[in-house]
Amino acid sequence: MSPEIRLQLLLQREQRESALRQERTEQTRAALSLLSTEYASHEERPSRHDTEILHGMDEIRTRLEALASQCTKDVLTFLPGGALPTAALREGQPLNERAMLRGVRFRNVYLQSITKDRQTYAYVRWVHELGSEVRLSPRLPMRLLIVDGGTAVIPGDPEEPHPTALVLHSPPVLRALRELFEAYWKDATPLEAPSPCTELAELLPQERQVLRMPANGDKDETVARALGISVRTERRMVADLLARTGASSRFELGVKAAKADWV
């Protein structure tokens, strides 16, 4: 391929990605504008039923558990945090399992960075294998939960001294949030199809060596000694690579590495 054609293709790809980013930005702006209006209305008229404010983690957790127990159709989530606390994973597991067994459709968008935390990534894969649809995005606008199309939960004012959350029922706000979710969902990467180019770009030189040397038959001790690190550190790096690629064994990791041209 000539350099001119290659550059044209790259330019076209950049233009498409720029258009998608602009679309998401406009939808985020519209959703935030509606949310600001809704929040101001609630402050002026506290008796309104379209918006509720939850105060403190206990109240927020209780409402989330109730929503998880009562949902019947679908759950949409943005999860922009990185590694999830162990307690949160443990508490959420039975609730999600029971909901999916009832036939509730889950669509979750996580940050791509969760692949770097072994425990969180294992949980996300478990949820996916149980039937939840999972996609990964390089960025997300906010934490978001939409249940059965009729209730949304978003974080409250970050300047409050204690955690707060808004529970929204307003149809216009819900429509805007759902459109925002669909825009990010459409552009996110399905969990079952990770991008080799993205993973390859994030590999460190030591990680490439950790992949390359076992392919030549070297043992953990030999690899660690060659890299000047402890065996424990070398094994931790292997575990991280297993989690990031979704491989279940070193053999599968080696196959994926070869297919992605990492070694």
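Are Phe78 and Tyr184 buried or exposed? Both residues are buried, a term for a relative accessible area under 20%, whereas exposed means over 50% and partly exposed in between (1.4 Å probe, protein chains only). The structure is a predicted model, in which local features need pLDDT of at least 70 and side-chain atom pairs count only at pLDDT 80 or more, while totals for chains, interfaces and linings use all residues. Residues are numbered from 1 along each chain as its sequence is written, and side-chain values use heavy atoms, without hydrogens and water.

**View 1. Overview of the protein.** The protein contains 10 helices and 8 strands; these are DSSP runs numbered from the N terminus (helices: H or I, at least four residues; strands: E, at least two). Of its 263 residues, 38% are buried. Among contacts with a separation of 6 or more, 72% join residues 24 or more positions apart, contact meaning heavy atoms within 4.5 Å.

View 2. Phe78 belongs to strand S2 and is buried, with a relative accessible area of 0%. Its C-alpha atom is separated by 5.2 Å from that of Arg143, a residue 65 residues apart along the chain. Apart from neighbours within four places in sequence, the contacts of Phe78 include Val109, Leu140, Pro141 and Leu180.

View 3. The model has 4 aromatic pairs, defined for rings of Phe, Tyr and Trp (its six-membered ring) with centres within 6.5 Å; planes under 30 degrees apart count as stacked, over 60 as edge-to-face and the rest as tilted. Phe78 and Tyr184 form an edge-to-face pair, 5.5 Å centre to centre with 70° between the planes. Because Phe78 lies in strand S2 (residues 74-79) and Tyr184 in helix H5 (residues 171-187), this pair ties together parts that are 106 residues apart in sequence. Phe78, Phe181, Tyr184 and Trp185 make up one aromatic cluster. The charged end of Arg107 sits over the ring of Trp185, 5.1 Å from its centre; this requires NZ of Lys or CZ of Arg within 6 Å of the ring centre and within 35 degrees of the ring normal.

**View 4. The two sides of helix H4.** Helix H4 (residues 118-130) has 13 residues and should span 18 Å at 1.5 Å a residue, which agrees with the 18 Å between its end C-alpha atoms; the expected span is 1.5 Å times one less than the number of residues. Thr120, Tyr121, Tyr123, Val124 and Val127 of H4 are buried. They cover an arc of only 160° around the axis, and therefore lie on the same side of H4; the arc is that of the directions from the helix axis to the C-beta atoms. Arg118 and Glu129, on the other side of H4, are exposed. Gly131 follows H4 and has a positive phi, near 135°.

**View 5. Met237 in helix H9.** Met237 is part of helix H9 (residues 231-245) and counts as buried at 14% relative accessibility. Met237 and Val210 are 27 residues apart in sequence, with 7.7 Å from C-alpha to C-alpha. Beyond its neighbours within four places in sequence, Met237 is in contact with Gln206, Glu207, Val210 and Ile229.
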